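Work through the two exercises below with the structure in view. Each task is followed by a solution in steps.

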Amino acid sequence: GINAEYGSSGINAEYGDLLVNAAAVKGVEVLCSTNKELAYSLENANIPGDPFFNILLRIVSTRCMMQAVYFCSGLYPEEEYFHYGLAVPLYTHFTSPIRRYPDLLVHRLLAASVGSDKTYTELLDRNIVNEWCENMNYRHHQAQLVQRSSIALHTQLYFKDKCLDEDAYILFVRRNAIVVLVRRYGLESTIFLKAIESDVEFNYEEEKCKLTVGKVTMQMFDRVVVQISVEDCNIQHKKLRMKLVNPIIPGVSVEPSTSLWATMMSLMFPGQLPSNLRSQFL
């Protein structure tokens, strides 16, 4: 038959440690040795006063899973079947309100198996089923690429000629960068932290999901302020660009964009906005 596998063999071992360590930073325990343990941990991973933390943790857990695929169950041992998303050992599409093609194939396969329909008897050949599964996986991946391209295009059109400062959350910490999620727009971007001054030190602590730049420390799930704009230096390859505004890291962070409050403050304080007011308004 056709099985729908979410996350392939489940949590990638390397990223599984990242998920556990990231949750531990906030005092939350996550177990991911089995799909049931993971589902239970995510259900109970809450921080009072921070309802968005659970959503962030679920996003990170999804990134830690390997790519979802369809496969023919007759060609793989049963111990390789997993569905981490539903926390069940076996899963396949049977029906769906949107009538996806995999659902139709499962219906046809079931009908051919019980002998109620002889139209698609070739589905009884597992090698043919496997070819169709591989084609569905390929088409699904292509559809994802089209979706991402469409989102990127319309996002660039929306932010054209704009420069906005928005709240964001750190999803991942790298050696010289942070991956942030802007909650308001659902945008994700990698911000490379390039110091203008050579004496700015970078200290990356992988197990603690922590990056210290100069005297400022950032961890996964921390809240930051980023600046969003469209980089159009190459007219054929425009990109959405994010830069760090807050926390303020000398030689790394950029000045806030000209928003309403910044305009008012600039009228009151001609020239550069005092650092104490920057901290207050950001």
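Strands are DSSP runs of E with at least two residues, and helices are runs of H or I with at least four, both numbered from the N terminus. The model is predicted, so that local features need pLDDT of at least 70 and side-chain atom pairs pLDDT 80 or more, while totals for chains, interfaces and linings use all residues. Residues are numbered from 1 along each chain as its sequence is written, and side-chain values use heavy atoms, without hydrogens and water.

**Exercise 1.** Find which strands each supply at least two residues of the lining of the second largest pocket.

Solution.
- A pocket is an open set of points on a 1 Å grid over the protein atoms alone, where a 1.4 Å probe fits, with protein on both sides within 12 Å along at least five of seven lines; lining residues have an atom within 4 Å of a point.
- Among the lining residues are Thr190, Phe192, Arg241 and Val254.
- The strands asked for are β5 (187–192) and β10 (239–246).
- β10 gives the most, with 4 residues.

**Exercise 2.** State where β5 and β10 stand in the sheet.

Solution.
- Two strands pair if DSSP finds at least two bridges between them.
- The open sheet of 5 strands runs β5-β4-β3-β9-β10, with antiparallel pairing.
- β5 and β10 stand at the edges, each with a single partner strand, so one side of each has no neighbour in the sheet.
- Within the sheet, β3 (residues 163–173) and β4 (residues 177–182) pair over 4 bridges, and isoleucine 170 stands opposite valine 180 in β4.
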